Amino acid sequence: MAMFFPGESHTFSEYLLVPGYSSSECIPNNVSLKTPLVRFKRGEEPQISLNIPMVSAIMQSVSGVDMGVALATEGGMSFIYGSQTPESEAAMVKAVKDHKAGFVESDSTLTPDMTMEQVMELKEHTGHSTMPVTDDGTPRGKLLGIVTSRDYRPSRDDHSKRVREFMTPREKLIVGDKDITLKRANDVIWDNKLNALPCVDENDHLVGIVFRKDYDSHKSNPNEMLDANKRYMVGAGINTRDYAERVPLLVEAGADVLCIDSSEGFSEWQKRTIEWIRANYGESVRVGAGNVVDAEGFRFLADCGADFVKVGIGGGSICITRETKGIGRGQATALIDVCRARDEYFEETGVYVPVCSDGGIVYDYHMTLALAMGADFMMLGRYFARFDESPTERVNVNGQYMKEYWGEGSARARNWQRYDLGGAAKLSFVEGVDSYVPYAGSLKDGVNGTLYKIKSTMCNCGALTIKELQEKARLTLVSATSIVEGGAHDVVVKDSQQSVSYQ
């Protein structure tokens, strides 16, 4: 007879945290969100720790180069999506690793033959007033000059005037070389009263620009995820089919950690993948695995040597696995079960294997609940898809700005490797949808707002670290009526009832 798990399967929305004693030290500024990313032994420090408990999902519509840079700047890590060729994924990883903090690659590059009208249109589109001029109009072309808003007057000048006629030419520019440090670049900017310093290689090709305004921004990001060479840290997704080809390219490109991207991780395929990595790279290449939803699945992957284990099947906002296959488990219940197994595993073996909660996060407070239930960090898709830095287009839908968001199991992504169980190399049926999510602006603003909520709630529980939250947290199940009570009720909310008139 089939095995039946006792009790019901619950989601995050069915739980609330009960406040604990808060001392005078419990203020958000004193809270640390540092958390381990990879396994470590008792008494040792993890080789890699996140400064905030957030990583971006291994999805086409979420994790590209811009997301990799932006999230590392804030203290998290992006996992570049693997549903592309190994070469293109490796190129994305390298682009993040090559991005020098404070050095910007121009996305508003001109050619000498462009007109002032085109300059004005580009400025309107990007919002950038400082634009380098290169021979081929690319951000890595030979530098010929630079245009700023002081070089032309739209109200008086002929809009058909060519860029070469009003740009500041190369011979009059102060530039930095490709090896200049950020500190030295900023010294040059301040000493020469510049707003921007173009940096070029030995052939005078543009490699980046340092802006005066970015100096304070860089200094205000103390949580940056940087490797030993001061490069941004980034992860990459792999599958259980072409790992022998893909992993070497990703390692060469500089990926700091890999993660097997699969809808179901309790399988021989994941074991084979991890064994191959260990046989060829030992412990020098870190790799996470998953997804699982119970203690047995966790122990399997931990014994295989996974550096972290992802929890969650069918809980993503664009995932329809439970609808199509009837398989999965409520995210809260799955997470509690796996985290209990992780703690038991640590007691028995002295090896701590971090747990990543993947899916089921709808509201910011769900993240605090996930941490309190034992998660070391969360992998987020919909949350990050809303921001400027996700790879998708911003579109206007019925007067509201939205961002496109689709699942890896959708007909659009057709990531058969993620759902493959060793059969035909194709996506036999879809397990995800193509959708929109409300546009939410910049990642920095959104993440900082979320983290402040998490820290504030941790203070309500008397905790200043994630580990302390997990030890002190008190949780209670709530009824359906209690959930209704938790929101605005029995009133007419002004913001959503603009048509209400007062007599």
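**Helix packing and a buried strand residue**

Tutor: Happy to! Helices α2 and α7 are roughly parallel to each other, a label for angles under 35 degrees. This is a predicted model, where local features need pLDDT of at least 70, side-chain atom pairs count only at pLDDT 80 or more, and totals for chains, interfaces and linings use all residues. Residues are numbered from 1 along each chain as its sequence is written, and side-chain values use heavy atoms, with hydrogens and water left out.

Student: At what angle do the axes of α2 and α7 cross?

Tutor: Roughly 15 degrees, and the axes of α2 (residues 86–98) and α7 (residues 243–253) come within 8 Å. Axes here are lines fitted to C-alpha atoms over the stretch in contact, with angles from 0 to 180 degrees between N-to-C directions. Helices are DSSP runs of H or I, at least four residues, and strands are runs of E, at least two.

Student: Which residues meet there?

Tutor: From α2, Pro86, Glu87, Glu89, Ala90, Val93, Lys94 and Lys97 meet Glu245, Arg246, Leu249, Leu250 and Ala253 of α7, contact being heavy atoms within 4.5 Å.

Student: New topic: is Ile209 buried or exposed?

Tutor: Ile209 is buried, at 2% relative accessible area; buried means under 20%, exposed over 50%, partly exposed in between (1.4 Å probe, protein chains only). Ile209 sits in strand β12 (residues 206–211). Beyond four places in sequence, its contacts include Phe103, Pro132 and Leu197.

Student: Where does pLDDT stay under 50?

Tutor: Over residues 497–503. pLDDT is the predictor's confidence in each residue, from 0 to 100. The chain mean is 89.

Terms used. Angles under 35 degrees count as roughly parallel, over 145 as roughly antiparallel, 65 to 115 as roughly perpendicular and the rest as oblique.
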